[in-house]
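Hello,

Here is the structure I said I would pass on. My notes on it follow below.

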Amino acid sequence: MSTQTISTQPIAGQKPGTSGLRKKVGVFQEPHYLENFVQSIFDALGDVKGKTLALGGDGRYHNRAAVQVILKMAAANGVGKVMVGQGGILSTPGTSCVIRKHKLSGGIILSASHNPGGPDGDFGIKYNIDNGGPAPEKVTDAIYARSGTITQYLISDAADYDIDTIGTGTLDGMTVEVIDPVADYSELMQQLFDFAAIKQWLASGHRIRYDALSAVGGPYGKHIFEDLLGTPEGSVVNGEPLEDFGGHHPDPNPVYATDLIAHLDAANAPDLGAASDGDADRNMIVGHKLVVTPSDSLAIIAAHATLAPGYKQGISGIARSMPTSQAADVVARALGVPCFETPTGWKFFGNLLDAGKATLCGEESYGTGSNHIREKDGIWAILYWLNILAVTGKSVNQIVTEHWAKYGRHFYSRHDYEGVDTDAANKLMDELRTKLPQLVGTQLAHRKVKLADDFAYHDPVDGSTTQKQGVRIIFEDGARLIYRLSGTGTEGATLRVYLESYEADAARHATPTQEALADLITTSRDLARIAPLTGRTEPTVVT
Ligand code: VG1
Ligand code: CO
């Protein structure tokens, strides 16, 4: 066994997006593609010698092959030890938990998250730092810069390592520990939530349906919901991680989790429906004929935070991504804690969590989490809801409608225009930006524009500034219209339009969302000239 030094040259476009580098599987299979990026990570980190890293992924196609390459490159680069999930499996929150619990230097996560998998699907890779969270921009920028100058990478010529058997061994001098991907994570969950109360609630006849969409959440859900909490077999569906997610689009939203929605709409439906995404960091909570919007879910968890043992001291603050609705802001005000507004992407929450400024975080894209780790966390959110239901004895629908009655309802929807021509999408955003200065004070969608800008974030912890994070038009009544381009797609551009309007009057809370937002929707299309510029008259996905 020896270290091979392989000559290579820079490959264009290895720039991490909202959450790591994501490309079609075929791109990752091109010679040197994965290797260049992994060596760029090691080079950007500087000294990895003797360090311990976590490694795992969401089990999608190419996961196992990539794990072997990374193990051999880690060994050749002098990494001391790698803790790898059995079978190459580790959810994103599971990896964050392992990094923190074992005080590792960082970890590599193989996932394209909510993007489809399989040979024709997407693959992804990202680096998490020693706090367990996604690498901040200064690190991802350094990795990208290195990918532009790389000339060689190091890889061991050792045979493939057996990643299916739990235990410790060595690969070309490096220690490899194959770990149970669920163990550390489920232990942490038991510290945070009232498992006894949830168990009792379930034993008294309440039922749940957790749809893992054939992605990595399955083993976590089976162990936690079935083995530890005693839900009857069959409460976890699509619980085996499959390389192509069984053809599912592993994105927990009403458009892609239709089977779950149908089960919750049916007579004799379970009390709670839930789903998570490819890497199990997203969650969707479903009641009866009601999908809880992620923005509401964050606000509701915050309002009930002290019901869970891990949060009984109260929360220090809430952080939400800018496009996420202001439902959480209202709760934060009522609790007398700050609410921070960050750019899209979990990496921006890390500093606030590390500094103790925020306890709970959330994104409108079905992402919710807390300071227990440094990633959003699907199973955690489902357990929080179960804890709330078990302690209050209320139903999902009751919790939501009572929340609206108390705090008012933030009607919210996201319209995605996927696979749009990149030049057209950029032109649309540029045009919008030039219009912004003239908008303030004008009437749009029967409202007066109060502020129109391109969101810039000033990190209160490290003082850094991140520009151009989304065009926002804020109205005097608190309604908002936001536009940004996705940073996780692999084909063309995806325009995301976020629509929000506040309604204090409970008599109007039952209005269907698209109806409540109708005038904002029309304005969103006209103002940005979506049809003339992109050829699209309707969004491809509405959540
Ligand atoms: C999307 C979501 C964002 C989320 C990101 C990663 O990013 O909007 O809120 O943090 O995906 O989620 P974008 O740039 O496509 O809008 V995951 O679960 O795919 O890692
Ligand atoms: Co995800």
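A crossing of two helices is called left-handed if the near helix is turned anticlockwise from the far one by less than a right angle, and right-handed if clockwise. Helices here are DSSP runs of H or I with at least four residues, strands are runs of E with at least two, and both are numbered from the N terminus. This is a predicted model, in which local features need pLDDT of at least 70 and side-chain atom pairs count only at pLDDT 80 or more, while totals for chains, interfaces and linings use all residues. Residues are numbered from 1 along each chain as its sequence is written, and chains are lettered from A and ligands numbered from 1 in the order in which they are written.

The crossing of H10 and H11 is right-handed. Contact (C-beta atoms, placed from the backbone, within 7 Å) involves residues including Leu298 and Ala302 of H10 and Val330 and Val331 of H11.

Glycine 278 sits in the loop between strand S12 (272-276) and strand S13 (283-287). Glycine 278 is buried, as 35 other C-beta atoms lie within 10 Å; the term requires 20 or more, with 12 or fewer counting as exposed and the range in between as partly exposed. Leaving out residues up to four places away in sequence, glycine 278 touches Ser113, His114 and Phe245, among others. Its C-alpha atom is separated by 23 Å from that of isoleucine 166, 112 residues apart along the chain.

Around ligand 1 there are 18 residues (C-beta atom, placed from the backbone, within 6 Å), and Thr18, Ser113, Ser486, Gly487 and Thr488 come nearest.

Regards

Methods:
Two residues are in contact if their C-beta atoms, placed from the backbone, lie within 7 Å.
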